[in-house]
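Please examine the sequence and the structure shown below before reading further. The explanation that follows moves through the structure step by step.

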Amino acid sequence: MVEDAEGTQIPSARAAVAAALQWYAHMGVDEAIGDVAVDGFVRSAELAARRASAPARTVADQHDGTRAPLNRPAAPASQPPRPVPRQPAAASSMAMDEVEQLAKSCNSLDELARTLDAFDACPLKRTATQLCFADGLPGAHVMIIGEAPGRDEDEQGRPFVGKSGRLLDKMLACIDLDRTSDDPAKSAFISNIVFWRPPGNRKPSTSEVVMCLPFVKRAIELAKPRIVIAAGATPAQALLDTPTGITRMRGTWKTIAIGNGEVDVMPTLHPSYLLRSPEAKRFAWRDLLAVKAKLLAM
Ligand code: URA
């Protein structure tokens with residue numbers, strides 16, 4: 001607590017920020033990233049102007065007439081933050097059915113990679129060094145789909161070649177899989193839900209994922225895996241078309257329609273999450289054992 005000019009006890013900036021974060025968490029806000037950037041300076045100026053013209057507010061002035069605890073921020077104003085209008089890049093206006101047609105028109109993984117390399121509608125391409133499409137053996141019984149290329153992947157143009165890739169390789173080795181093997185039963189085909197590195201390694205936005213999804217699905221159709229491992233929330237939610245969190249989803253088999261058929265999907269934890277939370281490795285281990293058991297039963 002600190003005192004204002006009139007001697008009133010108010011929470012310090014640090015405590016106020018912590019309380020605000022806690023309040024957001026209670027409200028179910030678990031993402032700090034939106035599809036459209038919010039200009040906080042414009043927002044603060046608006047709030048300051050509104051505050052200057054509003055009558056002095058008392059603790060009883062909550063929207064519902066109740067008193068707010070002083071350490072909790074007031075409920076947000078009814079108007080949502082005004083998004084900063086963004087000029088859509090010309091290429092981003094490509095209609096989704098055109099993107100789907102383009103993906104479907106590719107008859108091999110090589111053609112898909114060439115088409116993606118020439119595809120300009122995903123804004124991530126503008127900031128990435130190069131396309132990062134796939135690694136491992138096309139036709140392998142297992143395909144892994146991660147979240148997005150990171151810095152190492154962006155430099156090398158191959159998915160999962162950095163720190164999380166090394167952990168992924170160890171995880172695969174635990175179930176006798178090796179992306180360098182030429183045997184489809186022992187190898188793995190590896191890709192991501194978006195094909196270019198998001199700037200600063202941020203999470204890909206919904207629109208970026210939606211833009212890449214037809215290509216991901218076509219890659220699955222052409223690579224013909226028996227099992228897809230969706231590593232992390234972003235690929236699992238996109239492939240399974242659900243907002244459910246990965247901790248609830250992981251470990252349970254799902255099926256997705258791909259082309260004229262279906263593929264079994266095992267959602268699991270992302271290797272980079274496991275690097276940060278090694279105690280969660282036991283859950284990933286269970287998921288891998290389920291994959292192994294299914295492969296043996298096929
Ligand atoms: N994380 C991913 O999800 N994919 C990569 O290719 C690398 C790190």
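The model is predicted.

We begin with helix H4, residues 109-117, and helix H8, residues 206-223, whose axes come within 10 Å and cross at roughly 165°. Angles over 145 degrees count as roughly antiparallel, and H4 is therefore roughly antiparallel to H8. The crossing of H4 past H8 is left-handed. On the H4 side, the contact is made by Leu-109, Leu-112, Thr-115 and Leu-116. On the H8 side, Phe-215, Arg-218, Ala-219, Leu-222 and Ala-223 take part. Sorted by class, this contact of H4 with H8 has seven nonpolar residues, one polar residue and one charged residue.

Helix H8 also meets helix H9, residues 233-240; the axes of H8 and H9 come within 11 Å and cross at roughly 75°. Because angles of 65 to 115 degrees count as roughly perpendicular, H8 is described as roughly perpendicular to H9. Here H8 contributes Val-209, Leu-213, Val-216 and Ile-220, while H9 contributes Thr-234, Ala-238 and Leu-239. The contact of H8 with H9 has six nonpolar residues, one polar residue and no charged residues.

We turn now to the ligand. The residues around the ligand are Gly-146, Glu-147, Ala-148, Pro-149, Glu-153, Pro-159, Phe-160, Ser-164, Asn-192 and His-270. Phe-160 places a backbone N or O atom 2.8 Å from an oxygen atom of the ligand. In Asn-192, a polar side-chain atom lies 2.8 Å from a nitrogen atom of the ligand. The side chain of His-270 has an N or O atom 2.6 Å from an oxygen atom of the ligand.

Notes
Residues are numbered from 1 along each chain as its sequence is written. This is a predicted model: local features need pLDDT of at least 70, side-chain atom pairs count only at pLDDT 80 or more; totals for chains, interfaces and linings use all residues. Side-chain values use heavy atoms; hydrogens and water are left out. Axes are lines fitted to C-alpha atoms, for helices over the stretch in contact, and angles run from 0 to 180 degrees between N-to-C directions. Helices (H or I, at least four residues) and strands (E, at least two) are DSSP runs, numbered from the N terminus. Angles under 35 degrees count as roughly parallel, over 145 as roughly antiparallel, 65 to 115 as roughly perpendicular and the rest as oblique. A crossing is left-handed if the near helix is turned anticlockwise from the far one by less than a right angle, and right-handed if clockwise. Contact means heavy atoms within 4.5 Å. Ala, Val, Leu, Ile, Met, Phe, Trp, Tyr, Cys and Pro count as nonpolar, Asp, Glu, Lys and Arg as charged, and the others, Gly among them, as polar. A residue is near a molecule or strand if one of its heavy atoms lies within 4 Å of it. A polar contact is a pair of N or O atoms within 3.5 Å; within protein, one must be able to donate a hydrogen and the other to accept it, and residues adjacent in sequence count only if both atoms are side-chain atoms.
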